[in-house]
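Subject: Structure handover and notes

Dear colleague,

Here is the structure I promised to pass on, together with its sequence. My notes follow below it, and I would be glad if you read them with the model open beside you.

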Amino acid sequence: MNNTLGEKIKLLREAKGWRQDELAQKVGINRETLSNIENNHRQIKADELSRFADVLEVSSDQLLGRIPLDEVNLEEFYPSDKTKEAMRISVPAKNVQKFREVLLYILNKVGAKSNVGETVLYKLLYFIDFDFYEKYEEQLIGATYKKNTYGPTPIEFESIVNEMIADEEIEKVKSEYFQREQKKYLPLRDTCLDLLSAKELKLIDEVLNRLADKNAAQISEY
């Protein structure tokens, strides 16, 4: 692995399960500075290098590439992209209203597509949550996902959807997709965009542009 110094720091941080703000606090710098270092936008100072080495439990020579990091141990703790996609993620705090608005946004944008049934919705929500957390280290929807036969399923989905049906925000309909019964949801109101930030909407749109035309099996293989 020919990683840059910043990439090594990021890999080691994530191997320990630390957020950027946690490592930054341990090293004595702010989160923005750490982000710049990890993304190779700022050179690291000598005293910072020593503190990083101490906190991450490696030598300065290993960080600088003079002595190789133990790649086997590093990869044991830092999962591949394929492994991460299969992981159950649990974003700390629940945000039911934002969940509702994100679901409405998805349904208003792509809910009428023939391929977008309940299982595809599960996967779109998962990728939105996962991609946002990976990019910003912040929660978006705040759902908890469990594995099932069809992939990650948001545990809160059923109860929130039932509330939305009762509140006449969405309706549940049955249709057929390739001669199989399909559960679909259609929006009955517009999304309250005031509850979603520009960066949240941008990421949601990116996921929808990437995946909304695929069926559940195709998304699983993505």
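Before the first pair of residues, one term is needed: a salt bridge is counted here when a side-chain nitrogen of Lys or Arg lies within 4 Å of a carboxyl oxygen of Asp or Glu. By that rule the side chains of Glu-14 and Arg-13 form a salt bridge, with 3.9 Å from N to O. Residues are called buried under 20% relative accessible area, exposed over 50% and partly exposed in between, using a 1.4 Å probe and the protein chains only. Arg-13 is buried at 1% relative accessibility, whereas Glu-14 is partly exposed at 24%.

Two remarks on how to read the values. This is a predicted model, in which local features need pLDDT of at least 70 and side-chain atom pairs count only at pLDDT 80 or more, while totals for chains, interfaces and linings use all residues. Residues are numbered from 1 along each chain as its sequence is written, and side-chain values use heavy atoms, with hydrogens and water left out.

Overall picture

The protein has 12 helices and 4 strands, where helices (H or I, at least four residues) and strands (E, at least two) are DSSP runs numbered from the N terminus. Of its 222 residues, 42% are buried. A contact means heavy atoms within 4.5 Å, and among the contacts with a separation of 6 or more, 65% are between residues 24 or more positions apart. The protein exposes about 12,500 Å², of which carbon and sulfur atoms supply 46%; accessible areas come from the Shrake-Rupley method with a 1.4 Å probe, and for residues only the protein chains shown count as cover.

Helix H3 runs over residues 31-38, and its buried residues are Thr-33, Leu-34, Ser-35, Ile-37 and Glu-38. The cover over these buried residues includes helix H1 (5-15), helix H2 (20-27) and helix H4 (46-56). Just after H3, Asn-40 takes a positive phi of about 60°.

The nonpolar cores

In soluble globular proteins, nonpolar side chains tend to be buried together. A nonpolar core is taken here as a set of buried Ala, Val, Leu, Ile, Met, Phe, Trp, Tyr and Cys residues joined through side-chain atoms within 4.5 Å. The largest such core has 39 residues, and the members that touch the most others are Val-102, Ile-106, Ile-128, Ile-141 and Phe-157. Helix H8 (96-110), helix H9 (118-136), helix H10 (157-166) and helix H11 (198-211) are the elements that give two or more residues to this core, and H9 supplies the largest share, 11 residues. Leaving out residues up to four places away in sequence, Ile-128 touches Val-102, Ile-106, Leu-140, Ile-141, Leu-203, Ile-204 and Val-207. Apart from this core lies another, of 16 residues, including Ile-9, Trp-18, Leu-23 and Leu-34.

Charged residues

The salt-bridge count comes to 17. Asp-21 and Arg-19 form one of them, with their closest N and O atoms 3.0 Å apart; Asp-21 is partly exposed at 35% relative accessible area, and Arg-19 is partly exposed at 35%. Lys-109 forms another with Asp-205, the closest N and O atoms being 3.5 Å apart. Because Lys-109 lies in helix H8 and Asp-205 in helix H11, this pair ties together parts that are 96 residues apart in sequence.

A network of salt bridges links Arg-100, Glu-101, Glu-163, Asp-167, Glu-169 and Arg-189. Within it, Glu-101 is found in helix H8 and is buried, with a relative accessible area of 1%. A polar contact is a pair of N or O atoms within 3.5 Å; within protein, one must be able to donate a hydrogen and the other to accept it, and residues adjacent in sequence count only if both atoms are side-chain atoms. The side chain of Glu-101 makes such contacts with the side chains of Gln-97, at 2.7 Å, and Arg-189, at 2.6 Å. Not counting residues up to four places away in sequence, Glu-101 touches Arg-189, Thr-191, Cys-192, Leu-195 and Leu-196.

With best regards
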